Amino acid sequence: MDTAYLNGEYLPLDQARISPLDRGFLFGDGIYEVIPYYQGKSVGLIPHVQRMLNGLAAIEIQCDKTLDDWVALLDDLIAKNDGANSNLGVYVHVSRGTDTKRYHAYPENVAPTIFCFTFGIKEPEPVDRDTATSYTVTTSEDLRWKRCHIKSTALLGNVMHFQQGHASGNSECLLYNTDDQLTEGSSVNAYIVKDGVVITPIQDNQILPGITRRIIIDSIVADGSIAIEERTVTMQEVRDADEVWISSSSKEIAPIVKIDGVNVGDGKIGPVWEKAFAIYTAAKFSHS
């Protein structure tokens, strides 16, 4: 896990260097992705890369790598870090590049900085609600910017919300907008379950188009044994839910048992989570 990629070169991670005038450093002017690999098998590789390409286009970063180029690069990086024998996450970071001065406007004729490295991730949770890890969260009004559908490296708002949850002894912070409607968590998408139906907020500029979220929705719909809806979710519905989940590439589907110190349902991991996680686990590698 010590080999990184920086601007065309594979090198030890501790030797990777960028200029302090890189706009990713100065402005958070870039796009990133985190992609999980389990024993060399990726989860959602193509959708992750496509989302990154969409983000680069949205903020007008010109990068000449195609989707196939990215897949080859990431496969090489995994191989160089013995990914066939371990569980790894790959962090991919593309900034606008290094200018000769600090200036807010996009510079011209600047090559993007491309940086990737791997890190260890834990084994997937067992599909068993009696032994799986449960989580607790706090809540807060969503104070981030209004383009959360872009996976920007400028994550200070997310970091501050996550720290709010962490400082209060929780695993995450669930966020709601000024209409008291659930958006997502500081680093996760969110779901509730009521009367056996899985419900998650609609995809708009308030939430990240999570790849794990998409795999969850698609696999549940394809299976057909659980009803699922994408719609507005009020915070009262969150408080009244039978189950609450969060999802991300690193957490997969994580069950929440307490919100702001109050039990979700009976305070235990629920049966719909167990069934949905089994469906997701069976389908996740087919989305790469």
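Residues are numbered from 1 along each chain as its sequence is written, and side-chain values use heavy atoms, without hydrogens and water. Because the model is predicted, local features need pLDDT of at least 70 and side-chain atom pairs count only at pLDDT 80 or more, whereas totals for chains, interfaces and linings use all residues.

**Pockets**

A pocket is an open set of points, on a 1 Å grid over the protein atoms alone, where a 1.4 Å probe fits, with protein on both sides within 12 Å along at least five of seven lines; lining residues have an atom within 4 Å of a point. A volume is the space filled by probe spheres set on the points, which are joined across faces, edges and corners.

| Largest | about 800 Å³ | Tyr32, Lys151, Ser186, Ser187 and Leu208 |

The largest pocket is lined by 36 residues. Helix α4, a DSSP run (H or I, at least four residues), gives the most to this lining, with five residues.

**Val71**

Val71 lies in helix α3, residues 67-80. Beyond its neighbours within four places in sequence, Val71 is in contact (heavy atoms within 4.5 Å) with Leu45 and Ile46. Val49 stands 22 residues from Val71 in sequence, and their C-alpha atoms are 7.8 Å apart.

Terms used: Helix = DSSP H or I, 4+ residues; strand = E, 2+ residues; numbered from the N terminus.
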